[in-house]
Structures are given as structure tokens and as C-alpha cells.
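Here is a short report on the model shown below. It covers the core, the sheet, the backbone and the chain contacts.

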Amino acid sequence: MDIRAQVSMVFHLDKCIGCHTCSIACKNIWTDRKGAEYMWWNNVETKPGTGYPTAWEDQDKYKGGWEQQNGKGSDIRLKLHSRLGGLGNIFFNPYLPTVDDYYEPWTYDYDHLFSAPEGDDQPTARAISLITGKPMEIEAGPNWDDDYGGSPVYAENDPNLGALTEEEREQLTEMERVVFFYLPRICNHCLNPGCVGACPAGAVYKRGEDGIVLLSQEKCRAWRMCVSGCPYKKTYFNWSTGKSEKCILCYPRLESGQAPACFHSCVGRIRYLGVLLYDADRLKEAASAPAEQLVHEHRSLIQNPHHPLVIEAAKANGISEAMIQAAQHSPVYKFVKQWKLALPLHAEFRTLPMLFYVPPMLPVLAKIKDGVYDNADAASAQLGPLLSSLEQARMPIRYMASLFSAGNVDVVEDSYRKMIAVRIYMRAKMVGDVSEEEVQQALQAGGTTAEEVEAIVHLTARPTFEERFVVPPLAREVAIEQTLDPFTQKREGGFGFRRAPARGA
Amino acid sequence: MFDIVLFVVFPYVAVTVAIISGISRYRQNRFSYSSLSSQFLENRTLFWGSVPWHYGVITLLTAHLLPLLFPSLWGDLLSDRIRLYVLEVTGLGLALMTVVGMTLLIVRRLRSPRVLAVTSTADWLLLITLLTQVAIGFWIALVYRWGSGWYLHTSVPWMISLLVFQPEIQYVTALPWLVQFHLLAGFFLVLLFPFTRLVHVFTYPFTYLWRPIQVVIWNRRPPQKQRP
């Protein structure tokens, strides 16, 4: 057993209101620079939808992540290239998304509003490209299809809809049934990252102590394979400096005990951060499992931080007492392993992402009938008003399975049944219009107990700041002390570059 | 005297500057070492320019370097007429590939406003020099035939004499001026190396072939415990 620690995350999609506050917090701190304007290390997508960059989930197009080798047992290889092939494609990467797959960044000629000569017409501020500095037509933006952008045109191109039947797809666009939810995305800080595997220069790496995936700006040589290799398209190419960049999980904030900016600023409080202990010896095995087993295998990597053997192995690996304690209080451990509510996004990419999502319940099933809001369907399913029934879910369960369980419907259903049990239990408790028999039935169907439900409700609805973010003591000052005399750094100061990150000649 | 400046002083200066500046740039400003790819901004023309350019120029450079390293072996290789024909024709074809490739790359930079926005003066100097160099190379191959043969007895001994610090310029002073220009432009490119994006040549990531596929870096663990 090779126990390692990983700072992991849970996003509770039922609580996401799609306000993009997380994206703005991130942008203001990290990516409001030349060459990075188009980057959204944190972005929020409307699902169904094509996302950012357009159709990022389509790995036939982008070749991200890992795949099982044909005829070679369960061994996995990069979908992008072999090692030799990677060096051969270095002069032209055939699967690189270009700026048009994201959007051309722009500003407006605000000055013209003030300096325009007097005339009959109102002066306008034209869009100016931030790349060329010339006027441009805006054809796409970071959230072009937000809330469907007024039409289902984008949503219809969602790669996940391939899992649905023709009928189900038609239902989705039916006016009275239209449904969507939000998918906030940051780097998943995977256990088997595709970006690290694809980088020819070895510039992308996983930090041993906390598992944060970082990209050395000094080692990056703009071979741009990481952009293709990451199936989530969460490494970005800075067109100005000629270096790739990615989400750093705000490690300078983490190291000083603060939650990452997107977590801290989340209005819906959907985000949780904590440490998971996992067994690195079984990584390859878990990443190579058959598709329907992937979520199960992924969960089985995560070890119980209370188990004496695990604690012993962790200590033997140099994991500090404080880190183990953080793992024991991790909200992520509860959501992912204990309650099995949170699921990895697109497990079939085989990167073992360490950002987990609690799938959204979505609104109550109802429709307007003769001008009246009618939820009789829900009532007839004996779930009482205001409670969703899984069988009549507005978003087909297979769509959710395509996103969160590599197509394994059972895994998503288990998660949903538990959440439905939580709803029914709380309805009975708070409103009292559900019979005890029904409550017991729901608890049984959800494979849960009243005690567990209470815990889920607490962490979902009423957690304190410290319960949501159990930031491990990364103790960087201690980690550095052995390699560097702190006084040599004394006058250099600050994190980041000691010189401006200017494009080389 | 002027010949000595051109064929002795200039090559030595070029190589010395390249080595010293190249190393000092690597040590002091490693961030600036990048291929500065512009594929993200323009994709289509790049394919037709970059691929023939790089594969062409790498093969040609190797063919220029091999006789320098193994003169007698190269001589044996050319002793057969068929092999000589094949080599000459291949060389000519590759030279054409590089000329077309580089022309496309230059046209691309001029025509795409996005790529033009990230093109520096150093880039232009480099691109123009490279195009000139491969165009002249192509012309030499076409006009002064059997270059693969006489290269072995003119430029090669001259470069070896420079390498062993006993310069003998008589090998090259009698060559046609176009060939002499080609030699000097070659050393000019060496001079340009540390000051342009040409530095990316020396960071070609061969290590990717054998490094562990996953990279884990520990702050604290002693090296022997590192298991990626």
C-alpha cells in the first residue's frame, strides 16, 4: 500500500445557481493578463450544451485522456499519441483546439464614447480584438450558450446526448419540459492526468504532497500536447508568452490556510474541499478497469483515513499527522466514499479526476395544463407534491450516466435514490405530509438510514465554512526549510515571477 | 585578409557568442526558452508550412553533419553512381520542400493578423535568413551539381580545420561566391541562435521516449523514495 494525500473537491450541482461568481473570482486573480484573457480556469457551463471550448467532451475530435489498447488486455495508453508519435507530431499537433474553439478575446473601444465628434448619432463602442488590436465581429464568447442562449441550437450538439433515444432527445427540447443545469468546471487535479502524460518536456507534474497538478513555466517549451492530452481541456495555451497554463488550485492560498478563490466566493456554497488518502499502488489497475466498473474502482482507491493500517501506511510515506487529521474530517470523503453521492465527471476518460459532482436533482416534474400548474404526475407516483420521482426525471437518467458514471446507470441511480430519500425524509420531518411508511420505503430504496440522512442534510444545507473547507496544513515553510536557507529568499520576496513573464525572442 | 575575417574570425565569433549567450540565457531567463508556437492562433496553413519545413530541414542538416563526423564513410557512400544520384535527387527534393515550407510560413505570418500580432523583429530576421539559406542551398544543388561529393573535399576539411583550431581557409576561398555565402549564412544562423526562438532546437524533448509517463515532484521526500 502506497498511501498518498490528495486535495480533492466536491461540487454539489443541486445548489449551483449558475451565477459565475467563481469564474470571476478566478479571472480577477489569475487570468486577467495578456495572452490569458480567453482562459477560464474556472468556468460554468449550461448542460445540455457544448461547453467551453466547444464540444470539449468529444474525444474523437480532441483525443484527450486515455483509452484501452486493443488486444492488449486492459493496458491503457494516451488517446493522443504514443511516445514516438508525440515527438513526430510536435511540429504540428493535429488535435489542438485553436482560439476559435474557445473565442477570440475582445474589449470595447470605450474611448470613442467620449472622444467621438458631435453628430446626429449616438457614438458606439466597437469590439476590439485583444489579439490583433483591430475591430472584430464577436462570434462567440466564454458563455455563448449560457441558459441555452435563447435556443437549443448549441444544446443539440452536446456529445452526451448520443446516449439518449430519439424520443428522449425530442422531449428535451419540448417547450414545457425544457430543462438544464449548470456544470462548474475547474482542473480535476487527476490521479492519472492526461496532460502530464502528454507533455513531451515533462513540464507538467503532480505535487507529491497534495496532488495538485502544476505546470512549470520554466520547463514548458510550447509543444502544446497538454492542451490536447487533457480531456477536460483545462490546460490552456498562453498565445502571448508561448507557455501553457492551468488552474493551480490557488495553492498560494491553500498554503496560507485559505480556500481557493472560486471555492471561497461561491454564492450557492456548492463547493467542498478536503483531503483524500488513496492507494497509489492500485492507480493503473483502477484506471484500466472496464467502463462500467470505473466509478467503483475509482472509489476503491480512496482509503478510510480512520483505519489503523491506512494511518500506519500514510505515516510510513511521510504524510504528517496533521494531514491525516485533515483527511479524517474531509467533507469530500463523506460525499464520495461514505455516502457515495458524489461522482467523477466523465470517468471514461480514465484520468481518475479528483473533483466529484453530486448530480443535480433538477426541478419538480410538472407542467401547465389548461393554464394551471399541474403536478398530478408526481402525486400519482406516490411521492407527494414537490418531490421528484426518478422514473419521471426531467433529465433522462442516461444523460447523467453519460456525464457522471461512464454510462453505468445503476451508479447514478443509487446516488439519486439516496437524495430522494433525503428529500422525503425531510419533507416528513418538516412538513409532515408524508407517511412514516413512505419514509421507511424511501430510506430503504436509497440504502440509507435516518442518521445518515441527517448528516447529509447538515453538510448539504447547513455546513459551516470550516466544515466545507478542511484546508490541510500544507506547511510549505517546513517543506522548503530543508532545501533552502530562508534568508537567501528574504529579499526576493513574493510568489510568482521574479521578472515579468515576457515572451522570449 | 578579408577572407580570414570571413572564414576564420566570423565563424569563431559566431560559435563563441552562440555558446556563451545560449547558456547564459538558459541559466538566467529559462522562461524565454520556448518554440513560441502560433498554432493556437492559426492552424491550417501551419500544417503545410511547418511539417515540410521541419522534416525537410532536419534531414538536410543531418546530411550536412554526417560527412563532418564520418568523412570516409560518406565518401564510400558516394562511390557508387546510383547512390550518388539518389542522394542528389533526394537532397534537391528536400531542399524544395524547405523552400516551399518556409515561404508558406512567411506568407502565413503576413496574411494572418493574429499571427502577425505575435511576430517580432527577431522572428522576421530569422525567417528571412532561413528562407535565404535554404533557397541558396537549393540553387547550389541545382546549379553546382554533385555537391554531396565536393562538399566532402572543400567545406568539410575547412570546418574540421576550424574545429581543431588550425584554420585552413584555402579549402573554401576558391569556391563560387554563392557557396561561400551559404557557408557564411550558416554561421550567421549560429550567431542568431541565442537571440531568437531558434533556441527551441536545443530543447527538443528526446527524454519523452523514456521518462516515466507520470511525473510526481516531492518537496521534501528524499530522492530514493520518489516513486512516480
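## Nonpolar core

The largest nonpolar core holds 138 residues. A nonpolar core is a set of buried Ala, Val, Leu, Ile, Met, Phe, Trp, Tyr and Cys residues joined through C-beta atoms within 7 Å. A residue is buried if 20 or more other C-beta atoms lie within 10 Å of its own, exposed if 12 or fewer, and partly exposed in between; C-beta atoms are placed from the backbone. Val10(A), Leu273(A), Val332(A), Phe335(A) and Phe356(A) have the most contacts inside this core. Helix 18 (residues 409-430) of chain A supplies its largest share, nine residues. Helices (H or I, at least four residues) and strands (E, at least two) are DSSP runs, numbered from the N terminus. Domain 1 (9-103 + 143-255) and domain 2 (363-465) of chain A both contribute residues, so the core lies between them. The domain bounds come from an automatic or database domain assignment.

Which residues does Phe356(A) touch, not counting those up to four places away in sequence? They are Met9(A), Val10(A), Val332(A), Phe335(A), Val336(A), Ala342(A), Leu343(A) and Pro344(A). Contact requires C-beta atoms, placed from the backbone, within 7 Å. A second, separate core has 13 residues, including Leu60(B), Leu94(B), Met102(B) and Ala141(B).

## Model and numbering

This is a predicted model: local features need pLDDT of at least 70, side-chain atom pairs count only at pLDDT 80 or more, and totals for chains, interfaces and linings use all residues. Residues are numbered from 1 along each chain as its sequence is written, while chains are lettered from A and ligands numbered from 1 in the order in which they are written.

## Five-stranded sheet

Chain A has an open sheet of five strands in the order 13-12-1-15-14, with mixed pairing. Strands pair if DSSP finds at least two bridges between them. Strand 13 (302-303) and strand 14 (343-344) stand at the edges, each with a single partner strand, so one side of each lacks a neighbour in the sheet.

Strand 1 (residues 3-12) and strand 12 (residues 271-279) of chain A run antiparallel, joined by nine bridges. Phe11(A) has Arg271(A) in strand 12 as its bridge partner. Helix 15 (residues 331-338) of chain A lies across strand 1, strand 12, strand 13 and strand 15 (355-358). Its angle to strand 12 is about 65°. Axes are lines fitted to C-alpha atoms, for helices over the stretch in contact, and angles run from 0 to 180 degrees between N-to-C directions.

## Backbone exceptions

One joins Lys47(A) and Pro48(A), with omega about 0°. The other runs from Tyr52(A) to Pro53(A), with omega near -5°. Pro48(A) is in the loop between strand 2 (43-47) and helix 2 (59-62). Pro53(A) lies in the loop between strand 2 and helix 2.

Lys63(A) is not a glycine, yet has a positive phi of about 60°. Is Lys63(A) buried or exposed? With 21 C-beta neighbours inside 10 Å, Lys63(A) counts as buried. Ala222(A) has a positive phi of about 65°. Ala222(A) sits in the loop between strand 9 (213-215) and helix 8 (225-229) of chain A.

## Chain A against chain B

In total, 43 residues of chain B contact 47 residues of chain A. Helix 2 (44-69), helix 5 (113-117) and strand 1 (216-217) of chain B each give two or more residues to its side. Helix 2 of chain B gives the most, five.

Strand 8 (residues 204-207) of chain A pairs with strand 1 of chain B in the parallel sense, over two bridges. Lys206(A) stands opposite Val216(B).

Notes: Two residues are in contact if their C-beta atoms, placed from the backbone, lie within 7 Å.
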